[in-house]
Amino acid sequence: MVALAQAAGDAGFVDKLVIHSPSSGALLGEAPVQTAEDVRDAVARARKAQAAWGALSVRERCHALRAFRHKVAQHADDLARAVSTENGKPLQEALVHDVLPFCDLMAYFERRAPGILAPQSISLHLMMQRRSYLHCVPRGVVGVIGPWNFPFSIPIGDAVMALFAGNAAVIKPSEVTPLIALQAKALWDEACKDEPRLHPDLIQIVTGRGLTGAALCTSGVDQVMFTGSVPTGKKVAVACAERLIPCVLELGGINPAIVTADADIERTAHAILWGAFANSGQVCASISRVYVARPIAEQLTARVVELAGTLVQGDPLNADNELGAMTFLPQIAIGQAILDDAIAQGARVRCGGTPNGRYFPPTVLDNVAHGSRITQDESFTPLLAFVPVDDTETAIRYANDSDKGLMAYVFAGDEEQGARIAERLEAGTTMVNNAIDSHGAPGTPWQGVKQSGLGQVHSAQGLRDLCQVRHVQTRSWLPWMSKELWWYPYSPKVYGVFLQAVKSLWGGGGVDRIMRAIGK
Ligand code: TXE
């Protein structure tokens with residue numbers, strides 16, 4: 001078990017992390033608890049290596065980073081086994097949810113980063129004699145603080161995004177799953193031997209608990225990318241605010257699904273099943289609460305229960321198994337308390353319900369009261385609540401009745417109608433007739449609203465946000481003018497010229513109409 005590491009909590013920069021397999025209990029390895037001084041040293045080394053890296057063209061960086069992608073893809077099986085062993089998720093999920101999307105993310109940005117980060121000209125309005133453009137400059141060193149549920153794809157994916165943008169990255173992996181990050185670092189070092197433009201110090205790992213993460217925020221990094229809980233995310237935001245550095249926060253969700261009466265029951269049941277139970281519900285995008293049209297509620301619930309009964313739970317390294325062990329021991333008690341609360345408020349357990357050691361069975365509840373904890377608190381366990389509703393307006397109101405807004409889902413027979421509902425949901429992303437996997441589409445933003453986060457990862461905007469976007473303005477015509485009209489000296493005559501200009505350009509007269517007609 002990871003008990004030693006977890007029991008130590010935030011004991012300080014003492015001891016070491018001792019990692020055991022969540023499924024078998026076998027000792028997997030140890031990692032040091034690194035001090036604030038270690039973290040500062042890592043950041044200083046990263047900053048030194050970044051100088052040459054940031055000076056390369058984006059195209060050269062993309063070309064060089066291929067060496068790392070090749071290493072990861074060549075070692076995909078080793079990495080998937082390592083993720084599955086340390087995190088407890090089924091082998092197929094370790095490959096398809098962690099390693100595969102990471103490789104796709106790299107390939108996506110290798111091709112597109114030069115265009116995304118290219119200078120962009122701005123069309124000027126009144127000052128049309130000028131030329132303005134934006135150009136992207138790397139920030140420097142990005143601190144990445146990672147979670148335990150996607151211990152490879154999230155922290156290593158965030159780090160390579162930072163590198164595409166010309167930064168170096170210092171990663172503080174979760175104390176629950178630090179070994180996979182160290183394995184990724186070993187592959188990075190290998191890639192550096194094949195590709196001279198890559199430097200080992202561009203990606204560094206500092207292991208430890210919360211204090212090591214806190215030290216990373218105050219170590220002089222230029223940006224922080226954080227994935228974890230809301231309370232810790234707020235601490236990270238405060239630490240960054242005190243230094244006036246940006247942070248990207250991904251803080252989880254309690255994600256609703258709305259099912260309309262005309263939904264395709266079979267696809268909806270399969271999507272909800274996978275959306276609720278993949279990675280044993282330890283996914284910030286998991287489907288937690290389903291607001292289903294009353295006429296189809298029983299049919300849909302029964303089908304999900306039937307399908308849940310076919311899922312095989314057991315040794316995550318057995319490729320036939322579909323649910324593995326819970327990664328983080330305290331999560332089981334959190335899920336159990338939320339389940340007990342739901343039952344106390346009248347919910348009926350249709351399947352699952354009682355954890356067996358580290359294995360939490362897929363659990364479906366119906367007759368759930370909206371407002372009970374299961375509809376309000378992130379359980380991060382395989383708990384799924386069905387709430388029948390009489391109309392779509394009620395479903396939308398319930399779905400939005402949450403302090404979080406990461407993901408939402410709509411299942412509707414008419415996709416256009418589904419999209420109209422989706423547009424009214426308070427979530428960073430709403431998927432129609434699909435479930436949880438939009439993180440695997442690197443071109444789309446991964447972002448939360450409300451308490452689910454700040455900023456975004458992935459997408460063109462997410463990449464640009466890892467840069468300082470600077471503005472340059474030059475003169476493009478009238479270069480012979482020795483001064484602009486609004487510079488000194490001021491006079492009643494110049495005042496009169498501007499007054500006339502304001503009236504004729506924007507006062508609704510003929511010139512105003514002409515300007516609008518020519519799009520000015
Ligand atoms: O998160 P924490 P934990 C949820 C899930 C879980 C809860 C707690 O519900 O029960 O969060 O999980 C580092 N400054 N999610 O304890 O504490 C810490 O070392 C800087 C949702 O893992 O937020 C770890 O590396 N860093 C989530 C990381 O922050 C600090 C995924 C996350 O730790 C720090 C996982 C500090 N003061 C759990 N204190 C998601 N969004 O998907 C701790 N850390």
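What is the volume of the largest pocket? In this predicted model, local features need pLDDT of at least 70 and side-chain atom pairs count only at pLDDT 80 or more, while totals for chains, interfaces and linings use all residues. Residues are numbered from 1 along each chain as its sequence is written, and side-chain values use heavy atoms, with hydrogens and water left out.

The volume of the largest pocket is about 1100 Å³. A pocket is an open set of points on a 1 Å grid over the protein atoms alone, where a 1.4 Å probe fits and protein lies on both sides within 12 Å along at least five of seven lines; lining residues have an atom within 4 Å of a point. Grid points are joined across faces, edges and corners, and a volume is the space filled by probe spheres set on the points. The lining comprises 42 residues, with W148, F226, G228, S229 and T232 nearest the centre of the pocket. Among the elements that each supply at least two lining residues are α1 (3–8), α8 (210–217) and β8 (223–227); α9 gives the most, with 6 residues. Helices (H or I, at least four residues) and strands (E, at least two) are DSSP runs, numbered from the N terminus. By class, the lining has 20 nonpolar, 13 polar and 9 charged residues, where Ala, Val, Leu, Ile, Met, Phe, Trp, Tyr, Cys and Pro count as nonpolar, Asp, Glu, Lys and Arg as charged, and the others, Gly among them, as polar.

The second largest pocket has a volume of about 610 Å³. It is lined by 30 residues, of which E93, H97, W274, A278 and I436 are the closest to its centre. The largest share, 6 residues, comes from α5. Both domain 1 (33–251 + 459–469) and domain 2 (255–446) contribute to this lining, so the second largest pocket lies between them; the domain bounds come from an automatic or database domain assignment.

A cis peptide bond, with omega of about 0°, joins Y488 and P489.
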